[in-house]
Amino acid sequence: MKKFILIVFTFIVSSCNLLNTNNFKNDYRWKNRKFKTSQNASLHFKPKLIKIYDDDSYFLKKYFKTDSQEIVNKFNKELVKDLEKRNFNLSSQNSEYKISVDTLIFKEIVKNENVYTYNEREFIGIYESYKVKFKIIGKVESKDTSAVIESDINFEAQPREGMLIKKYVAYDNKNTNLDKVWKNLLNKFSYRCYEFIQKEI
């Protein structure tokens, strides 16, 4: 009975724009990787923001109603937290490593898509699809070497016929929480920094 209820619940959720894997924390493969001993590092977080979207934007137009500097400050705090969890000591006066975040890219492309019924026999209408890309570009430097560190995440919100209501157009990922996506991306970036330095030790 429980299994049946779970199947029905999943079916309803996926039919009504509620199912969204981007809103779950999907950073498990990056978790718990940290140095055995603390590594002294400094963080330079004054990135250039590149924002690419237009008036048809669904995600970024709303997101940037918040002040850009407020978003940058929030990301800075989140990255500090992630790096410290990996055993980076960011308060040391003698830093062996310098981590910098140079660029944050926010990009959204909107296209018109023809939407058909599942059997593709009947045209429902023309609806917008949304393709979003976030990217961090930074650098890790030591006395002897340096490396560019890049991390990105992409997702799409595509229109389709809903499973529950005939000719109702639903979207996967349309209610994506952008802050959660960026949390995962910052965590991924912190892992890339850890990965590079771990190879140097």
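**View 1. Helix α3 crossing helix α4 in the predicted model.** Here α3 (residues 68-85) and α4 (residues 178-200) have axes that come within 9 Å and cross at roughly 45 degrees. The axes are lines fitted to C-alpha atoms, for helices over the stretch in contact, with angles running from 0 to 180 degrees between N-to-C directions. That angle makes α3 oblique to α4 (under 35 degrees is roughly parallel, over 145 roughly antiparallel, 65 to 115 roughly perpendicular, and the rest oblique). The crossing of α3 and α4 is right-handed, meaning that the near helix is turned clockwise from the far one by less than a right angle. As for ground rules, this is a predicted model, where local features need pLDDT of at least 70, side-chain atom pairs count only at pLDDT 80 or more, and totals for chains, interfaces and linings use all residues. Numbering starts from 1 along each chain as its sequence is written, and side-chain values use heavy atoms, leaving out hydrogens and water.

**View 2. Who touches whom between α3 and α4.** From α3, the residues in contact (heavy atoms within 4.5 Å) are Lys74, Phe75, Glu78, Leu79, Asp82 and Leu83. On the α4 side they meet Asp179, Trp182, Lys183, Leu186, Asn187, Phe189, Ser190 and Cys193. Sorted by type, the residues of this contact come to 7 nonpolar, 2 polar and 5 charged (nonpolar is Ala, Val, Leu, Ile, Met, Phe, Trp, Tyr, Cys and Pro; charged is Asp, Glu, Lys and Arg; polar is the others, Gly among them).

**View 3. The largest nonpolar core.** This core holds 42 residues, and Phe75, Phe88, Phe106, Phe134 and Trp182 have the most contacts inside it. A nonpolar core is a set of buried Ala, Val, Leu, Ile, Met, Phe, Trp, Tyr and Cys residues joined through side-chain atoms within 4.5 Å; buried means under 20% relative accessible area, exposed over 50%, and partly exposed in between (1.4 Å probe, protein chains only). The elements giving two or more residues to this core include β1 (39-52), α3, β3 (97-116) and α4. Its largest share, 11 residues, comes from α4.

**View 4. Around phenylalanine 106.** Neighbours within four places in sequence aside, phenylalanine 106 is in contact with residues including Leu49, Ile52, Tyr63, Phe75, Phe134 and Trp182.

**View 5. Lysine 36 in its loop.** Lysine 36 is found in the loop between α1 (2-15) and β1 (helices are DSSP runs of H or I, at least four residues, and strands of E, at least two, numbered from the N terminus). It is exposed, with a relative accessible area of 86%. The C-alpha atoms of lysine 36 and arginine 86 are separated by 9.1 Å, though the two are 50 residues apart along the chain.
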